[in-house]
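Here is a short report on one protein chain.

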Amino acid sequence: MEFSEHIKTANVEDVVLRQPLHPPSRGTLCITGHHLLFSDREEGSSRQLLLLLRNIDAVEKRISGSSGTITIKCKDMRVLHLDIPGMEQCLNIAHSIETLSCLDGVAAMYPFFYRPSDLSLQNQWGLSSTEKYYSQMKELHNRWRLSSVNRDYSVCPSYPPAVIIPQNTDDDMLKKVAKFRQGGRFPALCYYHRKNGMVILRSSQPLTGANRKRCREDEHLLQAVIDGSDKGYIIDTRSSQQAQQARMTGGGFESKSSYSHWKRLHRQMERGKALQESLIKLVEACGDESHNMDRWLSKLENSKWLSHVQTALSTAGLLAECVERDGHSVLVHGSEGTDSTLLISTLAQLIMDPCCRTLEGFLALLEREWVQAGHPFQQRCAHFAYSHARLQQESPVFLLMLDCVWQLWRQFPLALGFSEALLLRLATEAYASDYGTFLCNSHQERCALGVTENTHCLFQALLRPTERDYYSNPLYEPTELAIWPSVHPQSLQLWRGFFLRWTQQARQLEEAQEEIRNMVIEWGKMALS
């Protein structure tokens with residue numbers, strides 16, 4: 001399919017662009033297969049806007065006489081207005097934007113066409129993998145092994161080809177365990193705590209059903225995890241009632257009688273539609289221009305977004321406490337094991353492990369826990385909060401994780417080796433990107449569609465020298481200690497850098513932070529000289 005089929009009017013002169021933080025400007029608007037380009041034609045100005053069409057969440061048009069206005073609401077929370085002369089031109093442009101911004105085919109998306117001069121497709125794709133993690137953790141090798149049971153993705157479509165499992169669990173047992181877990185997501189190791197040898201495992205719910213089915217191989221695998229220890233914990237990210245109800249539809253939980261050495265803890269975390277609706281309400285509150293403080297605070301509270309942040313950090317703290325303080329291994333799951341499970345596993349590792357707090361360590365953590373572990377980015381990030389399309393499988397779990405990391409970054413400004421700018425960049429890239437990292441829903445899909453061979457890796461791009469400098473925290477002081485977040489309501493704040501990023505106040509705050517950053521870097525240079 002040619003992109004030109006969808007472009008009836010390729011460019012329009014005398015368009016007025018109104019966008020946040022800039023005065024209105026008049027110029028030429030161009031539409032290509034992947035971008036909207038506006039060039040300011042006023043004398044002495046060289047300002048341009050290059051907008052990836054994939055970044056557009058909603059398009060609204062208003063015709064008045066012989067001209068019209070197109071309002072573009074972006075996934076990075078920008079709202080742009082284009083005043084276009086000529087009714088037909090306005091309708092053509094709006095139609096092109098609507099069509100090209102939501103094309104389905106992955107191979108037609110911009111990452112397959114993006115070719116920056118300083119990156120090569122010959123470079124190794126990605127920073128981390130299960131195999132690399134296993135080879136780095138020599139202490140694992142006595143009791144754990146690397147299995148390639150999923151090399152053709154037939155055991156679990158959403159897992160990577162290699163997984164880390166107990167030494168005395170063979171591949172035939174794993175296949176039986178996979179049939180007993182939703183989507184085949186059997187318990188697999190995702191983190192080894194060097195301080196005490198405890199581990200975190202991830203999985204999906206067991207398919208016990210109303211008849212309380214058992215799987216001896218599943219019980220054996222979990223027993224092998226805690227061999228020589230008195231007990232382990234299972235953190236279920238559903239309420240006890242939700243877990244009970246899941247049995248009626250074929251799901252379930254690990255019963256006390258069959259898993260006697262595992263203690264189950266329920267911590268309900270919202271997911272799916274409820275989380276997406278929370279984001280929609282928050283974004284609506286942030287766009288409220290009434291300047292009424294009571295109304296704004298009421299809308300913020302009604303969105304419940306900060307309570308989701310609180311629950312995520314609290315549950316991650318519980319997981320870290322079980323491993324770090326109590327010295328027990330933990331299995332984490334909800335229903336599918338591809339959303340809240342990854343969220344709290346990631347946050348717990350940040351809390352406990354200083355290696356995950358460096359710039360490179362954090363990006364490698366995201367690659368292992370989200371990209372390779374099967375978070376369905378394409379489904380979850382299909383739309384942001386403005387879209388008029390009916391909600392399907394959208395859910396801002398990855399954005400919620402980044403918000404939680406920002407809360408940690410704010411509470412421990414010296415403990416994390418990366419800046420807020422990195423979190424903002426990742427939040428934007430997850431929804432619309434030049435890179436292939438967040439394409440598709442699983443490792444299997446990326447391989448089938450040639451993503452790793454034909455697109456560039458965002459995480460590697462962020463580690464180029466100039467980018468690394470920009471996204472590093474100049475105040476970073478490594479610490480071996482765990483960083484325990486406060487989850488009291490007064491300790492949690494709205495992530496203004498993201499949710500209010502296109503306001504004058506946020507821009508002034510950003511400029512002040514950049515000034516402080518430059519001063520710190522200069523002081524550092526002076527101290528070394």
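## Loop residues, cores and overall figures

Ser-442 is buried, with a relative accessible area of 6%. Here buried means under 20% relative accessible area, exposed means over 50%, and partly exposed lies in between (1.4 Å probe, protein chains only). Ser-442 sits in the loop between α13 (420–431) and α14 (443–448). Helices (H or I, at least four residues) and strands (E, at least two) are DSSP runs, numbered from the N terminus. Leaving out residues up to four places away in sequence, Ser-442 touches Pro-157 and Ser-158. Contact means heavy atoms within 4.5 Å.

The model is predicted: local features need pLDDT of at least 70, side-chain atom pairs count only at pLDDT 80 or more, and totals for chains, interfaces and linings use all residues. Residues are numbered from 1 along each chain as its sequence is written, and side-chain values use heavy atoms, with hydrogens and water left out.

**The chain as a whole**

The secondary structure comes to 19 helices and 14 strands. The radius of gyration is 24 Å, close to the 24 Å that the globule rule gives for 529 residues, so the chain is as compact as a globular protein of that length. That radius is taken over C-alpha atoms, and the rule is 2.2 Å times the number of residues to the power 0.38. Along the principal axes, the C-alpha atoms fill a box of roughly 75 × 60 × 55 Å.

Buried residues make up 55% of the 529 residues. Of the contacts with a separation of 6 or more, 70% come from residues 24 or more positions apart. The accessible surface is about 23,400 Å², and carbon and sulfur atoms hold 49% of that surface. Areas come from the Shrake-Rupley method with a 1.4 Å probe; for residues, only the protein chains shown count as cover.

There are 57 positive and 60 negative side chains, and the centres of the two sets lie 7 Å apart. Lys and Arg count as positive, Asp and Glu as negative; His and the chain ends are not counted. Each charge is placed at NZ of Lys, CZ of Arg, CG of Asp or CD of Glu.

**The nonpolar cores**

A nonpolar core is a set of buried Ala, Val, Leu, Ile, Met, Phe, Trp, Tyr and Cys residues joined through side-chain atoms within 4.5 Å. The largest one has 132 residues, and Phe-186, Leu-426 and Phe-499 touch the most other members. Helix α12 (residues 397–411) supplies the largest share of this core, eleven residues. A second, separate core of 26 residues includes Leu-49, Ile-72, Leu-100 and Leu-103.

What does Phe-499 contact, leaving aside neighbours within four places in sequence? The partners are Met-77, Leu-279, Leu-282, Cys-286, Trp-305, Leu-399, Asp-403 and Leu-494.

Met-77 has a positive phi of about 80° although it is not a glycine. Met-77 lies in the loop between β6 (67–74) and β7 (79–85). Met-77 is buried, at 8% relative accessible area.

Arg-212 is another residue other than glycine with a positive phi, near 55°. Its loop runs between β11 (199–202) and α4 (216–225). Arg-212 is exposed, with a relative accessible area of 56%.

Leu-103 is found in the loop between α1 (87–100) and α2 (130–136). At 15% relative accessibility, Leu-103 counts as buried. Ala-389 is in the loop between α11 (377–380) and α12. Ala-389 is partly exposed, with a relative accessible area of 41%. Phe-412 belongs to the loop between α12 and α13. Phe-412 is partly exposed, at 23% relative accessible area. Not counting residues up to four places away in sequence, Phe-412 touches Ile-483, Trp-484 and Pro-485.

The table sets sequence separation beside C-alpha to C-alpha distance.

| Pair | Apart in sequence | C-alpha to C-alpha |
|---|---|---|
| Leu-103 and Phe-3 | 100 residues | 10.0 Å |
| Phe-412 and Val-283 | 129 residues | 27 Å |
| Ala-389 and Leu-127 | 262 residues | 35 Å |
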